[in-house]
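This report describes one protein model for a reader who is new to structural terms. Please keep the sequence and the structure in view while reading.

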Amino acid sequence: MEKVMEDKQTACPHCGQRLNKWSTPTFNFADGLGWCSPFLYVCFNDECSFFKNSWKQMYEIYGQEMGYRYMLHPDSGESSSIPVGNKHAMKGDIVDEIIEAQEKEELEKRKKAFQLLTDYFISKDVDSILNMLMDENGFGSVRLKAAEHLGEIGDLHAVEQMANCKFTHEVIQKKVDEAIQKIHKKNFTMECPYCAEIIKIRAKVCKHCGKELTA
Ligand SMILES: [Zn+2]
Ligand SMILES: [Zn+2]
């Protein structure tokens, strides 16, 4: 039932062809109304009677080489028309349904990754969180959250791994640096400025390299 309704709504009443989703431009057309929608349904059938007649009319009445395509607003269900200067105009903005499906899949994957990360966080599985953070192919938002979680857990063991890794994304690197500082604070530790080993903040001499530390 739902499918039938959808088909009926997204078919052009002039030619019966299925309407294409057309992503609206960021700028407004001359009417200045704005679309108030990320996409509109547009009939892109070049043989559509509405489209063909509009060319004839525009030429006969105004002497202009232009026409109108049938358009349907997805929210209000109001139909209208959209001016085009040639047959190929706007076609670049037709929303590809394959891309849409891919985006949906991406969204699903990201959701799963976040769920997994939350599970690791609850069980304080530092190694698994580190793996997610290090995964260069992982989602940026998930990796940022992983760094945050590591800071919250405060396990010193994570510092070594994070400090030894160069992160290509500047934002992630920043988040990692913040997490490292947070872990140090929790453990009253710091990185020795000479040998980079983890030492107590109160230490006067580094237990690793033996250098004197001035406060
Ligand atoms: Zn049509
Ligand atoms: Zn040292």
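## The sheet and its hairpin

In the hairpin formed by β3 and β4, where 6 residues lie between the strands, G77 adopts a positive phi near 75°. The model is a predicted one, in which local features need pLDDT of at least 70, side-chain atom pairs count only at pLDDT 80 or more, and totals for chains, interfaces and linings use all residues. Residues are numbered from 1 along each chain as its sequence is written, while chains are lettered from A and ligands numbered from 1 in the order in which they are written.

Helices (H or I, at least four residues) and strands (E, at least two) are DSSP runs, numbered from the N terminus. Two strands pair if DSSP finds at least two bridges between them. Strands of a sheet pair through backbone hydrogen bonds, either parallel or antiparallel.

Here, 4 strands make up an open sheet in the order β1-β2-β3-β4, with antiparallel pairing. The edges are taken by β1 (20-23) and β4 (79-84), each of which has a single partner strand, so one side of each is left without a neighbour in the sheet. From one strand to the next, the twist averages 45°; axes are lines fitted to C-alpha atoms, for helices over the stretch in contact, and angles run from 0 to 180 degrees between N-to-C directions.

Strand β2 covers residues 39-42 and strand β3 residues 67-72, and the two pair in the antiparallel sense over 2 bridges. Strands β3 and β4 also run antiparallel, joined by 6 bridges. M71 stands opposite V42, and M71 also stands opposite S80 in β4.

## The helices

The protein has 7 helices and 6 strands, which follow the pattern α-β-β-α-β-β-α-α-α-α-α-β-β along the sequence. Of its 215 residues, 16% count as buried. A residue is buried if 20 or more other C-beta atoms lie within 10 Å of its own, exposed if 12 or fewer, and partly exposed in between, with C-beta atoms placed from the backbone.

In helix α4 (residues 126-134), the residues I129, L130, M132 and L133 are buried. Seen down the axis of α4, these buried residues fall within an arc of 160°, so they line one face of the helix; the arc is that of the directions from the helix axis to the C-beta atoms. N131 also lies in α4 and is partly exposed, with 14 other C-beta atoms within 10 Å. I122, in helix α3 (residues 97-122), is exposed, with 9 other C-beta atoms within 10 Å.

The table gives two residue pairs with their separations.

| Pair | Apart in sequence | C-alpha to C-alpha |
|---|---|---|
| N131 and R143 | 12 residues | 9.4 Å |
| I122 and I153 | 31 residues | 9.6 Å |

The axes of helix α5 (residues 140-153) and helix α7 (residues 170-187) come within 7 Å and cross at roughly 10°. That makes α5 roughly parallel to α7, a term for angles under 35 degrees, whereas those over 145 count as roughly antiparallel, 65 to 115 as roughly perpendicular and the rest as oblique. Residues of α5 including R143, L144 and A147 meet residues of α7 including V171, I172 and K175; two residues are in contact if their C-beta atoms, placed from the backbone, lie within 7 Å. By class, this contact has 8 nonpolar, 2 polar and 5 charged residues. Ala, Val, Leu, Ile, Met, Phe, Trp, Tyr, Cys and Pro count as nonpolar, Asp, Glu, Lys and Arg as charged, and the others, Gly among them, as polar.
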